Amino acid sequence: MSNPPVIGVLALQGDVREHLIALAAADAVARPVRRPEELAEVDALVIPGGESTTMSKLAVLFGMLEPLRERVRGGMPVYGTCAGMIMLADKLLDGREDQETLGGIDMIVRRNAFGRQNESFEASIDFAGIGGGPVEGVFIRAPWVESVGAEVQVLATYDGHTVAVRQGSVLATSFHPELTGDDRVHAYFVDMVRAGL
C-alpha cells in the first residue's frame with residue numbers, strides 16, 4: 001500500500017478536532033493548517049463547519065485566502081462541510097456583502113437555509129458512492145445548494161434539497177459527518193485524494 005495521504009484541516013475556526021479524528025480513522029495523516037507554509041505541505045484539505053463569515057475574515061487575516069484559492073484552482077482535493085460548503089461555492093445567497101469565498105464548485109449556496117441553531121436536526125441521508133446504507137447527517141444552521149452547473153455531480157438530497165455535491169476533486173456536504181462517529185464520508189474523500197496522487 002502506498003503512503004497515506006497527508007490531509008490538512010483548516011484550523012481557523014470550527015470543529016477541527018473531530019475532522020482530524022475522522023481522517024485518521026480513514027487512514028490519512030491529518031494535521032491542522034493555519035498558515036500558508038502548512039498549506040503547502042498537505043496533499044488535500046478539509047474546510048470544517050463553523051461560521052462562514054468569521055472563517056472568511058480569518059482567512060484574510062491569516063494571509064490564507066489567496067493561497068487557498070490558488071491551491072483549489074490548481075486542483076488540490078478539498079472537502080467542505082457546512083460553512084466549508086459555503087466557502088467552496090462560486091455564488092452565495094444571503095451572504096454578507098464583504099463575504100469572500102474560495103470557489104471551486106459551480107454552485108449557488110443558500111446560507112442557513114435549514115433554519116437557525118435551534119432548528120438543528122439529524123437525518124439519514126442516501127449518499128451516492130458510499131456503501132453500507134445511509135449516512136447520518138447532522139444539520140446545524142446548515143446551507144443547501146440552490147443550483148449546480150453541468151459539471152457538478154449531486155451525491156445526496158434531503159427533503160428535495162441538494163446537500164452533497166462533487167465537482168472533480170472538490171467535495172461538499174451541508175451536514176457534519178464528523179460529529180457522528182461514522183467515517184465513511186471521510187473515507188470517500190480519502191479515496192478521492194488517493195486517486196489523484
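Q: Where is the place of serine 52?
A: Please note first that this model is predicted. Serine 52 is placed in helix α3, which covers residues 52-61.

Q: Is serine 52 buried or exposed?
A: Burial is read from relative accessible area, and a residue under 20% counts as buried. Serine 52 has a value of 3%, so it is buried.

Q: Which residues are in contact with serine 52, leaving aside its neighbours within four places in sequence?
A: The contacts are Ala83, Ile86, Met87, Gln99 and Arg111. With arginine 111, the side chain of serine 52 also forms a polar contact of 3.4 Å.

Q: How many aromatic pairs does the structure hold?
A: There are 10 aromatic pairs. To classify a pair, one reads the angle between the planes, and over 60 degrees counts as edge-to-face. The ring planes of phenylalanine 114 and phenylalanine 139 meet at 65°, with centres 5.2 Å apart, so this pair is edge-to-face. Phenylalanine 114 belongs to the loop between β6 and β7, phenylalanine 139 to strand β8, and the two are 25 residues apart. Both residues are buried.

Q: What is the geometry of the aromatic pair of phenylalanine 114 and tyrosine 158?
A: This pair is tilted, with 55° between the planes and 6.1 Å from centre to centre. Tyrosine 158 lies in strand β10, so the pair ties together parts 44 residues apart in sequence. At 26% relative accessibility, tyrosine 158 counts as partly exposed, whereas phenylalanine 114, at 14%, counts as buried.

Q: Which residues do ring pairs link into a cluster?
A: The cluster consists of Phe114, Phe121, Phe139, Trp144, Tyr158 and Phe175.

Notes
Residues numbered from 1 in each chain as written. Predicted model: local features only at pLDDT ≥ 70, side-chain atom pairs only at ≥ 80, totals over all residues. Heavy atoms only, no water. Phe/Tyr/Trp six-rings, centres within 6.5 Å; stacked < 30°, edge-to-face > 60°. Helix = DSSP H or I, 4+ residues; strand = E, 2+ residues; numbered from the N terminus. Buried < 20%, exposed > 50% of the residue type's maximum accessible area, 1.4 Å probe, protein only. Polar contact = N/O pair within 3.5 Å; in protein donor to acceptor, adjacent residues only side chain to side chain. Contact = heavy atoms within 4.5 Å.
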